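Thanks for coming. I will go through some charged contacts and then the nonpolar cores of one model.

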Amino acid sequence: MPTKPQDSQPDSNHSIPAEVEQAEVLSADTRTDRSFDAIADHFEKKVYGGLKGDIRLAVLRRDIFEYCTQMSQDLGRPLRILDVGAGLAQISVELATFGHTMIINDISENMLEKAKASAKKSDQALDITWHVCPYQDLVGKLAQAGTEKFDLILCHALLEWLAEPVAVMDFFDQHLTDNGALSLCFYNPASFDYRNLIMGNFNLLDNTGYKADNKKSLTPNYPVAKEEVESWLIAHQYRTLRTSGLRVFHDYTPLKRGGNNDPEAVIRMELRYSQLEPYKWLGRYLHILATRSAYE
């Protein structure tokens, strides 16, 4: 939990000008798009250095690869895919090995350097274009390159780190083909409450002003609830094809017993329950695959 500043208090005989107080409040409340450039190594280890990352990738691979295979067969060609806020871009690099044309973007140069290093390990030529910039700057870059429309847009673990997450929906509308699909993966705020209930962290849940220290923490302070994301999709005329939960039980098992000691068994059960009601809504992250067409 953030600590109070240790600076000395102002002299009680001298009031702080109102405009200074207002500026401090605005500064404290101003949100900006988050970059993990300064903690790229920590991000890689924390998110993908263990079983948590393996589960995350297993669910996304199943959801996305199955759909891409069918869509590519129906279109009779490789897909044009954009990954917005790609981070380490594991899924996108794998999609490139299947022959799809990839454009991979992130605001962090350090994160994309790690992704590029992963792509270089492939024994085949990959069709990947890299863009280090905020997603808002992609509009001009894509127009200049003549690659403005995509069959699939990936947006994973980005919404919760954007200052104005709903604004990205207009970007998707602009860059998806008429029968294009959108893969949204985002942090589930209900999981934060549920895990802290299990752990007995009632004081934290009672503290409505709690904010994680986002200089190092990977817990977002402004997550977007699934109901809100679903309302955005409806407003922009998307139809949901499938929903999955990522890590629907793994993070809630402090004592590893029985099958929980076997990583392969854990992944198998996570995959099984990731699409079943009501378990999928307990996932630490949620994945929604949606389209603006009748394509299935």
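Glutamate 66 is partly exposed, at 46% relative accessibility. On this scale buried means under 20% relative accessible area, exposed over 50%, and partly exposed in between, with a 1.4 Å probe and protein chains only. Before going on: this is a predicted model, in which local features need pLDDT of at least 70 and side-chain atom pairs count only at pLDDT 80 or more, while totals for chains, interfaces and linings use all residues. Residues are numbered from 1 along each chain as its sequence is written, and side-chain values use heavy atoms, with hydrogens and water left out.

Back to glutamate 66, whose side chain meets that of arginine 242 in a salt bridge, 3.4 Å from N to O. Glutamate 66 sits in helix α3 and arginine 242 in strand β6, so this pair ties together parts 176 residues apart in sequence. By salt bridge I mean a side-chain nitrogen of Lys or Arg within 4 Å of a carboxyl oxygen of Asp or Glu; the count by this rule is 11. Helices (H or I, at least four residues) and strands (E, at least two) are DSSP runs, numbered from the N terminus.

Which other residue pairs with arginine 242 in a salt bridge? Aspartate 63 does, with the closest N and O atoms 3.7 Å apart. This pair also links distant parts of the chain, 179 residues apart: α3 covers residues 51-75 and β6 covers 239-246. Arginine 242 itself is partly exposed, at 23%.

Aspartate 63 has a salt bridge to arginine 62 too, at 3.0 Å, N to O. Is aspartate 63 buried or exposed? Buried, at 0% relative accessibility. Arginine 62 is buried as well, with a relative accessible area of 18%. Taken together, Arg62, Asp63, Glu66 and Arg242 form a network of salt bridges.

Now the cores. A nonpolar core here is a set of buried Ala, Val, Leu, Ile, Met, Phe, Trp, Tyr and Cys residues joined through side-chain atoms within 4.5 Å. The largest has 31 residues, and the members touching the most others are Ile64, Ile81, Ile91, Leu95 and Leu152. Elements that each supply at least two residues include α3, α4 (90-97), β2 (101-106) and β7 (285-291). Helix α3 gives the largest share, 8 residues.

Leaving out residues up to four places away in sequence, isoleucine 81 touches, among others, Cys68, Leu95, Met102 and Leu152; contact means heavy atoms within 4.5 Å. A second, separate core has 29 residues, including Val84, Phe150, Tyr238 and Ala290.
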